[in-house]
Amino acid sequence: MDSDGTHDARGTHADRVPRPAGPPQVPPRPAQAPGAPPLPDGSAFLTWLRTPRPEAAPGVWRFGHRPRPDEEPDEIPTRQLLSGALIAFLVGWLIWSLLQNRYLGDWWWVPLYLITPDSWRGGDSQIGNFLVYRGYELLVALAIMVAVGRVGRWSEVWRRFAAPHFRRRQPQQAAPAPEEDPAQWNQLRAAGAADAAERLGADARAGLMRDVDHARITRAWQGVRSGRHSLATFTAAVLREGAAACLHPSGERDLPGRLARHDLVTGQVRLGTTADDPRNPYAYRGTGLALGPELLGTSLLAVGPAGSGKTGGVVWPLAESLCLHALAGRAAVVVVGAAGAGLGPVDAYDVVVRVGNPESVYDLDLYGGTTDPDEAAAVLAEALVGDLTDPHPSGESRRSTTVLAQLLGPYRAVHGRFPSVPELRQLLDGAPGPLAALRKALTEGGQESLLRELDARERQLGHPGDVGSVLADRVALLDRPAFAGFFDTSGQSRPFSLRALDHPVRVRIDLPQRGHADASRILARLVLAQFAASVAVREDRSLFACLVLDDATGLVTPDAVRGIQRLRSANAGVVMTLRTLDDAPRPLRSPLLGAIGCRVALSGLTPWDGQDFAEVWGKEWTEARDVTDRQIIAETPAGKAVHMLRRVITGNAPTARAVTVRQVERERWSASELAHGVPPGHAVLSLTSVQGEHAPPLLVDLRNPGG
């Protein structure tokens, strides 16, 4: 050791003698390969699964929801409460000071003299006298404090301002009892599939199960309960695949990414937060606003100008939710919009039809997969000239259907398929060559009834009232070089038909916009008409089907409105958006709003559109308070002096206030409020469920979807 107390680095001779080498120290074996991700943990999934989801009003985000009373409690304003508490404290302090300084006499000592013996008060013990007299003063002070505390509402001050700072952190939610634990799959155990329940529970605890897996397996189990699948097949699949059993035909277990917040136990997607606004019912204020199939089954219409958040705040979250439902085997979804409209990545869909894009893998079936000429003619007539039909029922739509049926029936009988777009255009134009060839083939085949149909069509050619020329002009919009490889009927392409809605399919149809706006509207009407016709004849209606139309301009027709009205009974719905209600014919606006169950008015609405929403939302009875102030005239000199002093202090003449409360009927939301009172990023929406439950118009903040 050196003089400064430190050791010499060279050490001693003994320290420099080499020691015999011992056994090498082997480091502990790592729990996993270097660079590998950590093992999954099922605690987050189990916490999500076990979170309470109480029953709530339509549109309330049920995940972790804490119900609120229906009526707002009578709460004293903060300023009035604090000032009252301070004044009560000062009054108590004043009373105590007056008692201590004997300004009020000694009468408050009388109870002490009456209840205590003289030996307690007149003893020689100073400690005893101190305890008696000071103890009595403490009791009197406590009595004064309790009295002024009740008058000043100190308990409410503590509850509202002090208690929240002393509350302990909520303990972690304890695991529920086994018979109430959803992670135990008790419904499978009760049916005799205990081994499958154990396998699913083990995968959940190991972190191998996701929310989509849980929803998909629950849906498959519902199929077992309904008799569509056998218990043995279900059990074998679960024991073999675990959480990956009963996969979607695409093999996907989740979407590439999620934008919104979803809860697949209740089937809801959160769109925003209900504003803490007096115009909203108290039970809804501050709660999450969410939609699910039980609300979309009544269809939804969102109206707002460009940039108001229709696509990003409403359409894509709903489309994303429906895609998740499709992966879980619960729904089939068709999303229609312009290319690049922000409707999600291509990987989120099973089928992507890019009309007008040569690189598109799939084609669109012009006739909806039907083999009935009359049905194909009705759907095609709605697509071609539905927007030209008088909103009131007339013969125009039937005449267009008849003209198309007179051509489609004979053509299919001869060729075994429906005509392509160029062939249909030639037939509608009355070209002699195609009609003569069709007549010759029908004559050789002995098709007398179809010959009469063709004769009727030829007699109408050239007449002033013939709608064939109008149909031909509309078909010419689809007979363009950009669509040359589409709408094929020869079997050389892969056409998508809406008859596939019997399966949980995810479809996106991109419509051309640049230079083909009219053709895009025709195709959108075609998809809407085919959707309404297809969902009505589905065999399995337990699968929710939804059509999402990002822009419904030019799609509101009389047949479309009637078709939307029939979707609820078919377990289907439509999500539509409009920039303004002026994009729909005036006679159809009220029927459209009446047929739609969920109506959304976004910020930036025009007063004319607001008037239509105000009419459909109706009126309600509210309390109106009329406050009247009248000046008080003093008659005595003392009163006049008091009034003069009050006027000098307050600057106002003494007045007496009279309040009159009466019941009046007012609009829930007026046209002016909808046009000018909805903040940016907000929307006013009303909801209706398929069971008939209603939610009044609610002001919702769409900028806070995650809560």
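Reply: Asp510 is buried, and Arg508 is buried too; buried means under 20% relative accessible area, exposed means over 50%, and partly exposed is in between (1.4 Å probe, protein chains only). These two residues form a salt bridge, with 3.1 Å between the closest N and O atoms. A salt bridge is a side-chain nitrogen of Lys or Arg within 4 Å of a carboxyl oxygen of Asp or Glu.

This is a predicted model, in which local features need pLDDT of at least 70 and side-chain atom pairs count only at pLDDT 80 or more, while totals for chains, interfaces and linings use all residues. Residues are numbered from 1 along each chain as its sequence is written, and side-chain values use heavy atoms, with hydrogens and water left out.

Over the whole structure, the search finds 33 salt bridges. One of them joins the side chains of Arg258 and Asp211, at 2.8 Å from N to O. This pair links distant parts of the chain, 47 residues apart: Asp211 is in helix H10 (residues 211-226), and Arg258 is in the loop between helix H11 (231-241) and strand S1 (261-263). Helices (H or I, at least four residues) and strands (E, at least two) are DSSP runs, numbered from the N terminus. Asp211 has a relative accessible area of 12%, so it is buried, whereas Arg258, at 33%, is partly exposed.

Another salt bridge pairs Asp551 with Arg579, where the closest N and O atoms are 3.1 Å apart. Asp551 is partly exposed because its relative accessible area is 33%, and Arg579 is partly exposed because its value is 44%. Salt bridges can also join up: Asp582, Arg586, Arg589 and Asp612 are linked in a network of them.

Helix H10 holds another residue to look at, His214. The relative accessible area of His214 is 12%, so this residue is buried. Apart from neighbours within four places in sequence, His214 is in contact with Phe45, Leu49, Trp185, Met209 and Val265; contact means heavy atoms within 4.5 Å.

Arg62 is in the loop between helix H2 (43-50) and helix H3 (78-100). A polar atom of the Arg62 side chain lies 3.2 Å from the backbone oxygen of Pro54. If residues up to four places away in sequence are not counted, Arg62 touches Pro52, Arg53, Pro54, Glu55, Ala56, Thr266 and Gln268.

Next comes helix packing. Helix H14 (residues 373-385) packs against helix H20 (residues 517-535) at an angle of about 140°, and their axes are 7 Å apart. The axes are lines fitted to C-alpha atoms, for helices over the stretch in contact, and angles run from 0 to 180 degrees between N-to-C directions. From H14, Glu375, Val379, Leu380, Glu382, Ala383 and Leu384 meet Ile522, Arg525, Leu526, Ala529, Gln530 and Ala533 of H20. By class, this contact has 8 nonpolar, 1 polar and 3 charged residues. Ala, Val, Leu, Ile, Met, Phe, Trp, Tyr, Cys and Pro count as nonpolar, Asp, Glu, Lys and Arg as charged, and the others, Gly among them, as polar.

Backbone angles remain. Most residues other than glycine have a negative phi. Arg102 has a positive phi, near 60°, and lies in the loop between H3 and helix H4 (110-115). Its relative accessibility is 59%, so Arg102 counts as exposed. Phe487 also has a positive phi near 60°, and its place is in the loop between helix H19 (468-478) and strand S8 (495-496). Phe487 counts as buried because its relative accessibility is 2%.

Notes: Polar contact = N/O pair within 3.5 Å; in protein donor to acceptor, adjacent residues only side chain to side chain.
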